[in-house]
Amino acid sequence: PPQNRSHSCPTRRRPAASMVAEPVPMVFKTGSSAGKVKQGKITNEDVLRREVPWSAFKEKGIISKDELELMYQLVEIVQSKSVAAQAALIEMRSAEHAQLFKALLTGVNKDEVVMYILSLLDELLKQKPTLASLFLAALYESGGAIDVFEPMLKLLSRQHLFVLEKTTVVLAKLLSWDHYIPPAPNPSLEAALARKLRSFAAWAVALLKNVDPQDGFDQPRVVHVLGGVQQLVSSAPGRIAFVEADGLPLLLGLMSGGHYGTHSAVQLLYVVMVVVWSLSYTPECASKLGHAAGLVPKLVDILKSVQKEKVVRVTCAALRNLVGVGSCSSDMIGAGVMKALLHLQQRKWADEDVKEDVDYLVEALEGSLKSMSSWDVYAKEVASGRLEWSPSHRSDHFWKDNYKAFEQNDGETLKQLVGCLASPDPTTLAVACHDVGEL
């Protein structure tokens, strides 16, 4: 779940851990290592079982004699499969290990060595996320000399799928970690880290812009990058970096392009929705979500059209966090969320959190609805781009009372209504034709 919830408003319930998108497992299967890497089936355990000629890197001057001894100690503990012992050793000599990893990632180009270091870091950070603080401490205490982030950023250009996957996840965990407090302010290093965070976010957004939502989760590279984005937005700095990298239009595109008819498409939508939900925990990002054209109506559309419980669960959680943010509440009402919520209240849910969120949304939005005029509701519906046969459309009183309102704001609502005449949705098209006729 996202870190740093202290800033969220009291109504933002912390969802269960099951809300976090489950990673796609790298299942072990028999076969050659090359084949498993190509298929994306190799595991950290597979990599850490391999023997690496560490002494060769000392002979080449990449690491020192002391660093070689340190690596041997670490390998011995890795072979014992005690992650706790590995973490304890790294904590005891954190700066030396950080320098060792930096030297190997900088000086060695062989995939098997890079894979070993990344697998080791991935396992350690899974078991003990606080180890991220040690790498930040090494950076600050060395005045920027011990920097493991820079060589990892360069690894993002690799074509090797396993290297890409592990680099993305490990780097996202390290860069998004915001629980480390430097012993003394260092504006130069703070700016450097911020640049690295922005670079990572920009890389992820640029890569995902080429994704066809209809392909869903069929592309391993997409799976890996979205996993990194999911980790990135687990903290406030990561969320802000993602939004500043123009990530919101990307998310809207990934939500809008698929047909949700396959497991792969639904899984892609689910992970994208987890990212949206995570972003909603930071007020600045929640505000940007509220102002993103078409995003709130799209969330409502997902509630109406997708049956999968885990998608409904995370969508309701995101909408709950957006209640009261700017015009989000009225935007939800205009997009027809009340009808969808009343339908969801009739369903049985395996996860009681869904019912709690649905009930909360109904109660909160009913209060907003009472303060809105029939014109307010109508204008919000037209602005959403999705029309339904709600009562206003067929009410003679509505048209007699409100036809002059179409002239407000330079005819904004009228222009939006005309825009609905180009909708591919038959109901929207039918209602728009009817309304133009009434006007």
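**Figure 1. Ring pairs join Trp-375, Tyr-378, Phe-398, Trp-399 and Phe-406 into a cluster.** The view is taken from a predicted model, as are the views that follow. Across the whole structure, a search finds 14 aromatic pairs. A pair of aromatic rings is described by the distance of the centres and the angle of the planes.

**Figure 2. Tyr-140 and Tyr-180 form a tilted aromatic pair.** The ring centres of Tyr-140 and Tyr-180 lie 5.7 Å apart, and the angle between the planes is 45°. Tyr-140 belongs to helix H8, whereas Tyr-180 lies in the loop between H10 and helix H11 (187-208), so the pair ties together parts that are 40 residues apart in sequence. Tyr-140 is buried, with a relative accessibility of 12%. Tyr-180 is likewise buried, with a relative accessible area of 18%.

**Figure 3. Tyr-378 and Phe-398 form a tilted aromatic pair.** The centres of the two rings are 5.0 Å apart, with 50° between the planes. Tyr-378 is part of helix H22 (residues 374-384) and Phe-398 is part of helix H23 (residues 396-402), so the pair ties together parts that are 20 residues apart in sequence. Both Tyr-378 and Phe-398 are buried. Tyr-378 and Phe-398 also belong to the cluster of linked rings that includes Trp-375, Trp-399 and Phe-406.

**Figure 4. Ser-133 of helix H8 is in contact with Trp-177, His-179 and Tyr-180.** These contacts leave aside the neighbours of Ser-133 within four places in sequence. Ser-133 has a relative accessibility of 16% and counts as buried. Tyr-180, one of the residues in contact with Ser-133, is the partner of Tyr-140 in a tilted aromatic pair.

**Figure 5. A salt bridge joins Lys-128 and Glu-91.** The closest N and O atoms of Lys-128 and Glu-91 are 2.8 Å apart. The pair links distant parts of the chain, 37 residues apart: Lys-128 is in the loop between helix H7 (111-127) and helix H8 (132-141), and Glu-91 is in helix H5 (residues 83-92). Lys-128 is partly exposed, at a relative accessible area of 29%. Glu-91 also counts as partly exposed, with 36% relative accessibility. In the whole structure, a search finds 23 salt bridges.

**Figure 6. A salt bridge joins Asp-122 and Lys-166.** Between Asp-122 and Lys-166, the closest N and O atoms are separated by 2.8 Å. Asp-122 is located in helix H7 and Lys-166 in helix H10 (residues 161-176), so the pair ties together parts that are 44 residues apart in sequence. Asp-122 is buried, and its relative accessible area is 2%. Lys-166 counts as buried at 6% relative accessibility.

**Figure 7. A salt bridge joins Arg-320 and Glu-356.** The closest N and O atoms of this pair are 3.8 Å apart. Arg-320 in helix H18 (residues 309-322) and Glu-356 in helix H21 (residues 352-370) are 36 residues apart, and their pairing links distant parts of the chain. Arg-320 is buried, with a relative accessible area of 8%, whereas Glu-356 counts as partly exposed at 36% relative accessibility.

**Figure 8. Salt bridges that share partners form one network of Asp-122, Glu-123, Lys-126, Glu-165, Lys-166 and Lys-173.** Asp-122 and Lys-166, both members of the network, form a salt bridge with each other.

**Figure 9. Helix H17 (residues 295-305) packs with helix H20 (residues 337-345).** The angle between H17 and H20 is about 35°, and their axes are 9 Å apart. The crossing of H17 past H20 is left-handed. H17 contributes Val-300, Leu-303 and Lys-304 to the contact, and H20 contributes Val-337, Ala-340, Leu-341 and Leu-344. Of the residues in this contact, six are nonpolar, none is polar and one is charged.

**Figure 10. Asn-409 and Asp-410 have positive phi values.** Most residues other than glycine have a negative phi. Asn-409, which is not a glycine, has a phi of about 50°. For Asp-410, also a residue other than glycine, phi is near 60°. Asn-409 is exposed, with a relative accessible area of 60%. Asp-410 counts as exposed at 64% relative accessibility.

Conventions:
Residues numbered from 1 in each chain as written. Predicted model: local features only at pLDDT ≥ 70, side-chain atom pairs only at ≥ 80, totals over all residues. Heavy atoms only, no water. Axes fitted to C-alpha atoms, helices over the stretch in contact; angles between N-to-C directions. Helix = DSSP H or I, 4+ residues; strand = E, 2+ residues; numbered from the N terminus. Left-handed = near helix turned anticlockwise from the far one by under 90°. Contact = heavy atoms within 4.5 Å. Nonpolar A, V, L, I, M, F, W, Y, C, P; charged D, E, K, R; others polar. Salt bridge = Lys/Arg side-chain N within 4 Å of Asp/Glu carboxyl O. Buried < 20%, exposed > 50% of the residue type's maximum accessible area, 1.4 Å probe, protein only. Phe/Tyr/Trp six-rings, centres within 6.5 Å; stacked < 30°, edge-to-face > 60°.
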